[in-house]
Amino acid sequence: TDTLAILGLESSCDDTAAAVVSMSPESSEILSSVVLGQDALHDAYGGIVPEIAARAHAEKLDVAVKQALFKANMTLGDVTLVSATAGPGLIGGVLCGVTTAKAIAAARRIPLVGVNHLAGHALTPRLTDGLPYPYVMLLVSGGHCQFLLVEGCDDFTRLGGTIDDAPGEAFDKSARLLGLGQPGGPAIERAALDGDAARFRFPRPLLDRPGCDMSFSGLKTALLRARDAVAAEKGGLTRQDRADLCAGFQRAVADVLQEKTRRALTEASRTLSEPPALAVAGGVAANTEIRAGLETVAGEFGVSFVAPPLSLCTDNAAMIAYAGGELFRAGRIDDMTLAARPRWPL
Ligand code: KG4
Ligand code: ZN
């Protein structure tokens with residue numbers, strides 16, 4: 001038949017994931033999507049330990065695959081294509097996924113496709129909403145921040161991105177500075193609910209410069225200075241001080257992303273006959289204020305705004321299965337020489 005049953009694997013960071021996606025020429029459907037997190041393993045170290053991550057992937061990948069097949073009511077024999085994240089990411093984990101995919105492809109005699117993790121995120125709005133090309137994707141997570149003009153499954157133009165921290169990283173570090181829990185994004189968003197965003201002055205980095213590049217590490221430094229100034233004056237921080245700091249920080253991030261999104265859509269429009277749709281992916285897309293700002297910009301340009309459900313915005317294997325399927329349909333196929341790449345720009 002013309003319908004693919006694609007098994008996707010994702011293991012480039014700290015989530016071990018497997019998913020089954022069925023893809024016909026007309027439509028795609030997620031039959032299962034399993035994500036096994038590793039938070040508990042890394043918590044004590046204050047960050048992801050690559051060696052621990054790789055070991056956990058090696059132990060858990062086949063569990064994730066079994067669960068994904070079970071939930072899709074399938075066996076390995078029903079799978080017609082296997083795809084895995086081949087980079088960029090922590091090399092030990094990527095190797096686990098690529099090696100597992102090769103083993104399955106060789107054993108079942110089915111084709112193999114290596115997928116760029118960023119392409120997986122960037123193509124997600126097609127899986128969830130059938131979004132046609134072209135569109136501008138803002139990818140905002142703990143590790144990534146870039147604008148991509150997406151014109152095909154292997155046709156990405158980077159319009160700009162962060163020159164230092166990713167926004168999620170800035171949220172996480174800022175939360176630590178205020179003694180809030182991790183992940184920092186949701187913690188800051190919660191604290192900011194009763195905060196006054198205008199009380200502290202936060203910069204709007206790089207807005208004075210043309211283009212779509214962004215910078216977020218200065219916001220974290222501004223937060224640190226403001227925190228210390230308040231603490232020096234009053235001998236400590238009240239709950240309200242924290243709320244105001246969080247609100248000011250969050251507003252600054254949202255403002256920068258909003259204005260740079262305007263520029264990305266403007267820049268993309270220059271090479272197209274009309275402005276393209278706007279889509280977003282990555283954990284930071286969960287933020288209500290940031291999301292609202294992006295939706296406003298889409299409205300200004302009269303284009304649609306697509307934000308996939310959060311479980312598909314963050315790392316998962318359904319996006320890898322889907323991207324593998326699109327690439328395969330476009331003629332791409334890998335063999336046993338497929339390499340795991342720690343760096344792989346789109
Ligand atoms: O995409 P993701 O799950 O993982 C990668 O970084 O690949 O994104 C996680 C990041 C974390 O930095 C987290 O603090 C941030 O997304 N995040 C948020 C929110 N929820 C998660 N940032 C701001 N506001 C949120 N509500
Ligand atoms: Zn990711």
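Biologist: Why is N73 called exposed?

Modeller: Its relative accessible area is 70%. Buried means under 20%, exposed over 50%, and partly exposed in between, with a 1.4 Å probe and only the protein chains counted. N73 therefore goes in the exposed class.

Biologist: And what sort of structure am I looking at?

Modeller: This is a predicted model, where local features need pLDDT of at least 70 and side-chain atom pairs count only at pLDDT 80 or more, while totals for chains, interfaces and linings use all residues. Residues are numbered from 1 along each chain as its sequence is written, chains are lettered from A and ligands numbered from 1 in written order, and side-chain values use heavy atoms, leaving out hydrogens and water.

Biologist: Where does N73 lie?

Modeller: In the loop between α2 (50-71) and β4. Those labels are DSSP runs numbered from the N terminus: helices are H or I with at least four residues, strands are E with at least two. N73 also has a positive phi of about 60°, although it is not a glycine.

Biologist: What makes R109 count as exposed?

Modeller: R109 has 77% relative accessibility, so it counts as exposed. R109 sits in the loop between α3 and β5 (112-116), and its phi is positive too, near 55°.

Biologist: Is T16 buried or exposed?

Modeller: Buried: the relative accessible area of T16 is 1%, so it falls in that class. T16 belongs to strand β2 (residues 15-23).

Biologist: How do you know that the side chain of T16 makes a polar contact?

Modeller: The partner is the side chain of Q38, at 3.5 Å. A polar contact is a pair of N or O atoms within 3.5 Å; within protein, one must be able to donate a hydrogen and the other to accept it, and residues adjacent in sequence count only if both atoms are side-chain atoms.

Biologist: Which class does R251 get?

Modeller: R251 is at 37% relative accessibility, so it counts as partly exposed. You'll find R251 in helix α8 (residues 239-271).

Biologist: Now the ligand. Which residues come nearest to ligand 1?

Modeller: Among the 18 residues around ligand 1, those are G142, D172, G185, E189 and G283. A residue is near a molecule or strand if one of its heavy atoms lies within 4 Å of it.

Biologist: What makes up the shell around ligand 1?

Modeller: Five nonpolar residues, 10 polar and three charged. Ala, Val, Leu, Ile, Met, Phe, Trp, Tyr, Cys and Pro count as nonpolar, Asp, Glu, Lys and Arg as charged, and the others, Gly among them, as polar. Helix α6 gives the largest share, four residues.
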